[in-house]
Each structure stands twice: as C-alpha cells, then as structure tokens.
Amino acid sequence: MNASRAKVDRVAQTTRGVRSVLSIPLVYETFQRIVGSPRVRRELVDTYVRPRAGLRVLDIGCGPGNLLSYLPGVAYTGVDLSPAYIDSARRQFGDRGRFFVGRVGDLDADELGEFDVVIAKSLLHHIDEDEALHLFDVASGVLAEGGRLVTLDAAYTPDMSRAARFVVSRDRGQSILTPEKYEALASRVFAEVRVAVHHDLLRIPYTHVFLSCGRPGDS
Ligand SMILES: C[S@@+](CC[C@H](N)C(=O)[O-])C[C@H]1O[C@@H](n2cnc3c(N)ncnc32)[C@H](O)[C@@H]1O
C-alpha cells in the first residue's frame, strides 16, 4: 500500500437538502427498491461475484448491508463510514456477516485479512481521487490470488440520455466520472480492468459503469 495515500480525510458526498433523508437506513433502502436496485444487485452478484459457500467477500461502503441478502453462504465483511447504516446492518443481518464502521482512507490492508472478492458498490463516486486510489491499493492488498475487485458507479457518457444526465447530476456522490476516468484510476493499481457500461439497469434514467479489476489472466 502507498503510505502517502493513507489517512485521507475528505468527503465527496453531499448530505444536505432533501438527499439528507437518505442517511436514514429505512428511507435509503425503500428508495433503492422504488428505483429498481434489486436488478442492479442481481447483475452485480450473478455476473461479477458468483457467490459460493465460503467465498470471502469484503464490501467497502456497504451501507445498510442489503447486498448480503443476495450472497447466501459467503463469509461477508462490510465496512461503511456511517454508524447508522452499520447499526442497521447488524440489526438486520446479525451474525450472518461482520460489520464495522470505517472510512476508506483509514483502511489498512494488513489489518483486514484476505478476501476472494472485494466489492465497492456505489462508493467510488462518493470519494475523491486520493481516497479512490487508496481504495484500489487496499483492495489489491487484501485480494487472494485470482481475486477481483468489483465496483459499480454512476457515470457520465456522451451517449447517455438528457434525463439520465440530469438524474446522475442530482446524486449524493460528488465525484462522478466518465468510464474512461474510472478505468484510468483503477489502472494505476490493477493490471487488468474490464469496463461495462449500462443505461438500463434502473427503473429511472441512469447510467452505470462496472469495473472488474484483477491481475492479468485471473477470471
Ligand atoms: C450510495 S451508498 C451505497 C451503499 C451500498 N454499497 C449500496 O449499494 O446500497 C454509498 C455508501 O458509501 C459510504 N461512504 C461514503 N464515503 C465513504 C468513505 N469515505 N468511507 C467509507 N464509506 C463511505 C456511505 O456512507 C454510503 O453508505
């Protein structure tokens, strides 16, 4: 890990205005269901995570932990900046996973253990470039041989609809990039970065980008 990137302490998400209610776990999850997040989670899990019993999963920026419902049998660790989200995750999922409060910039790969899959779902666009690079460093440091980091974020593309551009611009995350810029950041740490763009995963107009990051030849 690059020590100079550690202890990053800036916030790139807005919690002001009407979006502040999304900090309440039940409101957040209700909103996610209304806009169609279950389909996004299904795509992430089926295409990229491919869960099996005992798969070691680290979910960074896990929110209230709802992805765990889609990951039967895995050994799950979730970390998030928000104590309210982590409290909710512990109440809902109990001992099905380990949950702790933590900021990406403070994570230390040596203290986290080893994982087969690291997930950062809807996180990169909430953090700035230094913290994103720290996230890639940490993920690279904890992944077992053949392991992958999977990220999913809002993105700006030239071919997105005007409606999608408007909705994406209202996101709480303040670091929304183009797929090429996300890829360039990840490529500073990972030798192989696969990119997939989707315009139709939610019920509302929205553009998503998946990154699947690993070492060359890893599945
Ligand atoms: C859009 S939510 C996504 C939550 C969850 N991954 C999901 O997809 O439902 C972004 C999450 O990132 C967390 N977050 C934002 N900045 C963070 C940081 N610097 N370190 C750790 N978590 C952070 C927020 O608290 C929030 O739970």
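Me: How many helices and strands does the chain have?
Reply: Start with the fold elements. This is a predicted model. The chain has seven helices and seven strands. Their order along the sequence is α-α-β-β-α-β-α-β-α-β-α-α-β-β.

Me: Which share of the contacts with a separation of 6 or more comes from residues 24 or more positions apart?
Reply: Look at sequence separation. Here, 66% of those contacts join residues 24 or more positions apart.

Me: How confident is the prediction, going by the average pLDDT of the chain?
Reply: The average pLDDT is 91, and 90% of the residues score at least 70. Residues 1-11 fall below 50. In the model, that stretch has 28 contacts beyond near neighbours in sequence.

Me: What percentage of the 219 residues count as buried?
Reply: Burial is judged by relative accessibility, with under 20% as the cut-off. In this chain of 219 residues, 53% count as buried. The accessible surface comes to about 10,300 Å². Carbon and sulfur atoms hold 51% of that surface.

Me: How many aromatic pairs does a search of the whole structure find?
Reply: Check ring centres and the angle between planes. The search finds four aromatic pairs. One of them joins Tyr76 and Phe99, with centres 5.6 Å apart. Their planes meet at 50 degrees, so this pair is tilted.

Me: Where in the chain do Tyr76 and Phe99 sit?
Reply: Place each ring in its element. Tyr76 is in strand β2, and Phe99 is in strand β3, residues 97-101.

Me: What is the angle between the ring planes of Phe136 and Phe190?
Reply: Planes over 60 degrees apart make a pair edge-to-face. The planes of Phe136 and Phe190 stand at 85 degrees, so the pair is edge-to-face. The ring centres are 6.4 Å apart. Phe136 belongs to helix α5, residues 129-142. Phe190 lies in the loop between α7 (179-187) and β6 (192-198). The pair therefore ties together parts 54 residues apart in sequence.

Me: How many disulfides does the structure hold?
Reply: Look for paired cysteine sulfurs. The structure holds zero disulfides. Cys62 is buried at 9% relative accessibility. Cys213 is buried at 0%.

Me: Which backbone nitrogen does the side chain of Ser82 reach?
Reply: Follow the side chain to its partner atom. The side chain of Ser82 reaches the backbone nitrogen of Tyr85 at 3.0 Å. Ser82 sits in the loop between β2 (75-80) and α3 (83-93). Its relative accessibility is 18%, so Ser82 counts as buried.

Me: What is the phi of Arg50?
Reply: Arg50 has a positive phi of about 45 degrees, although it is not a glycine. Arg50 lies in the loop between α2 (37-49) and β1 (56-60). At 49% relative accessibility, Arg50 is partly exposed.

Me: Where is Ser122 found?
Reply: Locate the loop, then read the backbone. Ser122 is in the loop between β4 (115-121) and α5. Its phi is positive, near 60 degrees, in a residue other than glycine. Ser122 is partly exposed at 26% relative accessibility.

Definitions and conventions
Residues numbered from 1 in each chain as written. Predicted model: local features only at pLDDT ≥ 70, side-chain atom pairs only at ≥ 80, totals over all residues. Heavy atoms only, no water. Helix = DSSP H or I, 4+ residues; strand = E, 2+ residues; numbered from the N terminus. Buried < 20%, exposed > 50% of the residue type's maximum accessible area, 1.4 Å probe, protein only. Polar contact = N/O pair within 3.5 Å; in protein donor to acceptor, adjacent residues only side chain to side chain. Disulfide = S-S within 2.5 Å. pLDDT = per-residue confidence, 0-100. Contact = heavy atoms within 4.5 Å. Phe/Tyr/Trp six-rings, centres within 6.5 Å; stacked < 30°, edge-to-face > 60°. Areas by Shrake-Rupley, 256 points an atom, 1.4 Å probe, with all protein chains shown as cover.
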